[in-house]
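Reader: I would like to go through this structure with you, one topic at a time. Could we begin once it is on the screen?

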Amino acid sequence: MAVVGVGILAIGVVRQSFPQTAGRLEIEGLTSSVSVQRDARGVPTITADNAKDLFRAQGFVSAQDRFFEMDLRRHITAGRLSELVGDAGIEKDKVIRAMGWRRVAEEELPKLAPETRQYLQAYADGVNAYIKTVESPEKMSLEYTVLARRNPNYRVEPWSPVDSLAWLKAMAWDLRGDYNDELARARLSRSNRSVKQIGLLYPQYPADRNAPILSDRDWQPADESGQGDQAATPAPSALTAATAVRSSGGRDAVDSTLAALAAVPVTLGRGDDIGSNSWVVSGSRTTTGKPLLANDPHLGLTIPGIWTQVNLQCRQVSAACPFRVSGYTFSGLPGVVIGHNDRIAWGMTNLGPDVTDFYLEQVTGETYLRDGESVPLTSREEVIKVAGGADVRLTVRSTVHGPILSDVVRGIEEAGDRTVVRGAPQTNRYAVSLAWTALTPGTTADAIFALDKARDWTEFRKAAALFTVPAQNLVYADTAGHIGYQAPGQIPVRRSATPAAPPGFWPSPGWDSQWDWKGFVPFEDLPHSFDPAEGFIVTANQAVTSSSTPFLTSEWDYGFRAQRIRNLLAATPKVSPETMSRIQGDTTNTYAPGLVKRLLAVQVDDFTAQAQRLLKGWTGDQPNDKSRDSAAAAYYNAVWKHLLEFTFDELPPDIAPDGGSRWMVVMEQLLKDPKNDWWDDKTTPGLTEGSGEIVKRALVEARLDLARELGKVPATWRWGRLHQLDLKHQVMGGDGVPGAVQDLFNRGGIELGGGSSIVNANGWNASQPGYGVTTGPSMRMVVDLGNLDASRWVNATGQSGHAYDDHYSDQIDAWAANESFPWPFTATAVREATEDELTLVPPASSSTS
């Protein structure tokens, strides 16, 4: 009986935070009644008479479903995670405070359009109405019950519009481009590798085989003559900067900066596989006669999932209430980020522009060198509150370029010896500052609402012009039959630090102002296309155009996913909605067949040959089922993992090959140069290896690895057994949390097909142990502009953030199988799909006028 009693108590604790989804609730601030209709997966359709009530209700419903996630996100973005989770958050808080995400959001709010501020405030009012209806944090979410043991006096603060805006900085951070590689190149430059050898690791985009988003016919830049200041010949100070990076002072500064940036919490995901697929097909090429649009953003996979689904409806669309929009957004952020309204649809993939630059600064005491003069650093003091611990004080120093991130990690006061650098004071110490577009107030919040209510291509582009950070590839379709593409965002104009490298390829000399940014690329000069002759547009993080004007980045995805989608579309005379979904689930590795030819040509022992024979006739498909293809996929990926490991054994673990598209092109080029120095294993003195020895070693070791992992008989191997997804809660699911608590929140053992640089992009990191999924399609959607109610969607986990709620994980199985659900939009379709309806009304004492 005691055990039964504990079980009943546990169920009661878990269920006490579940939202009320039926009946009637009085909500402070409403001016009229609002309907919240939920379908079989708990997705809400919110219908209101005016825009303020619409967003007030969205705030309330968002808090009902996912308040802990919202609270966690605002603590992360404010650099206050330690207040929630204790000392485990200190290093993370330091870096966020140094960058000042919330400070920028506070500056941003008064600069937004008046209606945007009103919508943000209405959303905040709705969240706060929810907070007032709940007696304690423990009744908001189970996570608070667990955290109460360490932080028993925690009190939930009211929500504010700045809490919503600050989340946009986290988005921009995870979706920015280039900074990892910029610092990696700086580290490699001080090794015994030549600049040429380092350059081999960053090959040019293969436009001859993987087409850019826009053809030369679809887009002609305003100026093909060059890059202006960006192409200028570097001054001697650039060479001084390169020398400084190699010095011990520069080395310490770069290492400290890398350590600081590694501490930033992952919100949307991290790594080369953070990207997306999105494409749009004109009605002339579809079975419906109207455009079709598909999107599946590839982000980190956690539980609850990154996205939440919502349908926002004004009862009567008017200038006062212009919204009839449905799609995906983030908990804590009003409106719809990706989706459709009753006229247009839009999708996003990461453009990945180079919007960060690191500057090597010559710092002496509290001054730094600037055009031959010592100028004072700016500084501010931050106090980090720690649950269960003492306050932590942090001094944040900045130059004209931005915050000095090499200050942030422990022990920096001992780092950086005082190496003499030409033109610098003898007491010089290096530091690394960060310039980043998101550290300037922007208008992305304006863009979200403008997209939500746009009616045509002209209004869509006006909305896109407001989309400052993170810069995304935007694809467009409308019910009138048009399709289009627009690259938005603030893209810095700057010069290159060396003649052979593109801008931003290396850290720049902060002491010389000629390396400062020279403004941003004008919106009209950013690539765009309307109704291209080809009849479809594919964006999958590949190069936007073949032109270097304007300069966007040198760090594209290398286009294998994009070209596979293009080939499948081109081979289909009339594309159906089902075809769009089927392409999203494609598991073909188009790079693999080329490498397999090389692998099959290697003579190996009989034991290894048993596995090698799996590759004969294999076309590159990587399913997760029991087919022979799956066994071949398992062996191929094991060989690929070991081939990268043995070839690049000298690279530090944190910049070792992850196996993504860049490394595919790198390996392809190296295999054409069998005696390249990268092949040599430096741990075997007196022996110089070439490609043949390394490839053979990879084949042998992969066979042994899988024999241990999956059994000795290769025919029984399955890619899905190796390639599994474990969905972990961001706070309750990681190391240091008791297993019993992890089991409450995590969901795991999900076998998946696909892989890195595959359309079904369930990415994995070849530099890490195992083959577990690290990133993937965080949601999928296919919009039918001929019949919006025939559109389909699926989330990676579920609508709810409450563990053991029916909708916490109810979409996982369908998502894993590339299945999707109906997406009701019109009033009739929503009514037919409704399973629960909650009516929100003003308090009885309030006026309903």
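Reader: In the hairpin of β16 and β17, which residue takes a positive phi?
Author: G481 does, with a phi near 105°, and the hairpin has 4 residues between the strands. Please note that this is a predicted model, in which local features need pLDDT of at least 70, side-chain atom pairs count only at pLDDT 80 or more, and totals for chains, interfaces and linings use all residues. Residues are numbered from 1 along each chain as its sequence is written, and side-chain values use heavy atoms, with hydrogens and water left out.

Reader: How many bridges pair β16 with strand β17?
Author: The two pair in the antiparallel sense over 4 bridges, and V475 stands opposite Y485 in β17. Strands are DSSP runs of E with at least two residues, helices are runs of H or I with at least four, and both are numbered from the N terminus. Two strands pair if DSSP finds at least two bridges between them.

Reader: And which residue of β16 is the bridge partner of W346?
Author: That is Y476. Strand β9 (residues 344-350) pairs with β16 in the antiparallel sense over 7 bridges.

Reader: How many residues of β16 are buried?
Author: In β16 (residues 472-478), 7 of 7 residues are buried; the term means under 20% relative accessible area, with exposed over 50% and partly exposed in between (1.4 Å probe, protein chains only). In a regular strand, side chains alternate between the two faces of the sheet. Here Q472, L474, Y476 and D478 are covered on one side, and N473, V475 and A477 on the other.

Reader: Changing topic: how many aromatic pairs are there in the whole structure?
Author: A search finds 36. Rings of Phe, Tyr and Trp (its six-membered ring) pair if their centres lie within 6.5 Å; planes under 30 degrees apart are stacked, over 60 edge-to-face, and the rest tilted. One of the pairs is Y328 with W823, edge-to-face at 6.5 Å centre to centre and 70° between the planes.

Reader: Is Y328 buried or exposed?
Author: Y328 is buried, with a relative accessible area of 0%, and W823 is also buried at 0%.
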